[in-house]
Amino acid sequence: MIQPFDLNLRHLRALSAVIAEGSLSRAADAAGLSQPALTQGLGKLERQLEVQLFERRPDGVAPTEAGHALAERVARAFDYLAGGVRRFARMGRGFSRPERLMTATQLDAFLHFADAQSFVGAAQASGLSQPAIHRAVRDLEQICATPLAERRGRGVALTAAGRLLARGARLAQQEIAAGIIEVRGDEREGGRIAIGAMPLSRALVLPRALADLLRAAPNAVVDVVEGSWRELVEPLADGIIDLTIGALREEAPPGLAQEVLFTDQLAIFGRPGHPALGGTIGLATLRAQQWIVGPAGTPLRTHWEALFAGAPLPHVPVECGSVMVIRGLLTQSDLLTLLSPDQVALEVESGVLTQIGPLLPSAIRTIGLTTRTGWRPTPVQRMLLDLIRAAARDTRLPEK
């Protein structure tokens, strides 16, 4: 399957000039290419993509629907790439438009280096030689007129400038990849989707949506990256993952957009026959229990602490953020925990765990989707978003 950086960036950038001018000769002048070079470049793009981008006419050229679609994606890609180096251009160092001088080969090598944080690892992952990776990074440093990597102890790490360029390059890569999928058609390539899944989403909503997606789009490939909000927010902003699903923040960070799916009301859970079930379940009873809860600073821990209204907190012999470990411990001990009913729905239904007391009116979380601001999903990504929304409606548990 063709990869985004298999395509020549200079030829891709010329697409908008060809559409604007309607003439290869005028577009060649605007793009800084000779007409033969532009003609050959467009022909190579069409052969690589196996699709016609322009109709040749006696009075010039006109873009096909595929040509328009790819040109729009490429324009967004160069906007992202420019955003990765704009700060350096403002400083008056180096070239005024450094992104126009970068090649696909350089960016591909640089992203492998950014992912591996080592020249050896980048060479192994990319199939390129270590000297080739070194050369690409050094060439980009000259173009940007700033260090992109630095020695740290025995290793090498990206500088702040390197991290910005890596983000811009990766987002540009994602836009070109989306353009390739769109112009070639969904029936040929389902595309790859990377989802950041926070704990609650893994129980009911995401499995339902993914099962429906794979029935509707069997060629799609889905990567599910598990983690907390803190672990997923940077990969989302960097373009490593496409969207996250889970608890939302009160305000979305800059560059990200949130969409509410539902509100989740928490409850207390333990094993059937737990001693707390034998009497009135008030705060005094709950303070007398031992608990397993997440680390300090996590949303669930904050809700748990709020249960006790500033009074001394109960003993927490185990701090754990893994729902799987929590569920296992609850079944084999007298520990209690605070969770969403969704996360232990199967265990409650099978009688392994039980809800202790009613849903807690003060412990409510907002669950939803987070994406990058201005993100334009591909058709299969739009399909997944719709299926997640449907699964969020269909899997709501009846309140007790």
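Modeller: Leaving out residues up to four places away in sequence, Arg13 touches Val74, Phe78 and Arg100. Keep in mind that this is a predicted model. Arg13 sits in helix H1, and its relative accessibility is 17%, so Arg13 counts as buried, the cut-off being under 20%. If you want a sense of distance, pick Glu347 as well: Arg13 and Glu347 are 334 residues apart in sequence, and their C-alpha atoms are 55 Å apart in space.

Now go along to helix H2, residues 24-31, where the buried residues are Leu24, Ala27 and Ala28. Look down the axis of H2 and you'll see these buried residues fall within an arc of 105 degrees, so they line one face of the helix. What do they pack against? Helix H1 (9-21), helix H3 (35-49) and strand E2 (60-63) are the partners of the buried residues of H2. Turn to the face of H2 that points away from the buried side, and you find the exposed residues Asp29 and Ala30. After H2 comes Gly32, with a positive phi near 75 degrees.

As for annotation, an unreviewed UniProt entry places the feature "domain: HTH lysR-type" at residues 7-64 and 102-159. In the model, residues 7-64 are 62% helix and 14% strand, with the end C-alpha atoms 19 Å apart. For residues 102-159, the model gives 62% helix and 14% strand, and the end C-alpha atoms lie 19 Å apart.

Next, the largest pocket, which holds about 950 Å³ of space. Its lining takes in 40 residues, and Gln3, Gln173, Gln174, Ala177 and Arg192 lie nearest the centre. Elements that give two or more residues to this lining are helix H4 (65-90), helix H5 (104-116), helix H8 (160-184), strand E5 (192-197), strand E6 (221-226) and helix H15 (379-394). Helix H8 gives the most, nine residues. Sorted by class, the lining of the largest pocket has 17 nonpolar, eleven polar and twelve charged residues.

Two more residues are worth a click. Arg365 lies in strand E14, residues 364-372, and counts as buried because its relative accessibility is 10%. Not counting residues up to four places away in sequence, Arg365 touches Leu200, Phe262, Thr263, Asp264, Leu266, Leu300, His303, Ser340 and Gln343. Asp212 is in helix H9, residues 205-216, and at 24% relative accessibility Asp212 counts as partly exposed. The C-alpha atoms of Asp212 and Leu387 are 7.1 Å apart, although 175 residues separate the two along the chain.

Zoom out, and the protein has 15 helices and 14 strands. Its C-alpha atoms fill a box of roughly 85 × 50 × 35 Å along the principal axes. Of its 400 residues, 49% count as buried. Among contacts between residues at least 6 apart in sequence, 72% join residues at least 24 apart.

How values were computed. Residues numbered from 1 in each chain as written. Predicted model: local features only at pLDDT ≥ 70, side-chain atom pairs only at ≥ 80, totals over all residues. Heavy atoms only, no water. Buried < 20%, exposed > 50% of the residue type's maximum accessible area, 1.4 Å probe, protein only. Helix = DSSP H or I, 4+ residues; strand = E, 2+ residues; numbered from the N terminus. Arc of directions from axis to C-beta. Contact = heavy atoms within 4.5 Å. UniProt positions renumbered as here; feature names shortened; annotations may be inferred. 1 Å grid on protein atoms, 1.4 Å probe; cavity = no way out; pocket = protein on both sides within 12 Å on 5 of 7 lines; lining within 4 Å. Points joined across faces, edges and corners; volume = space filled by probe spheres on them. Nonpolar A, V, L, I, M, F, W, Y, C, P; charged D, E, K, R; others polar.
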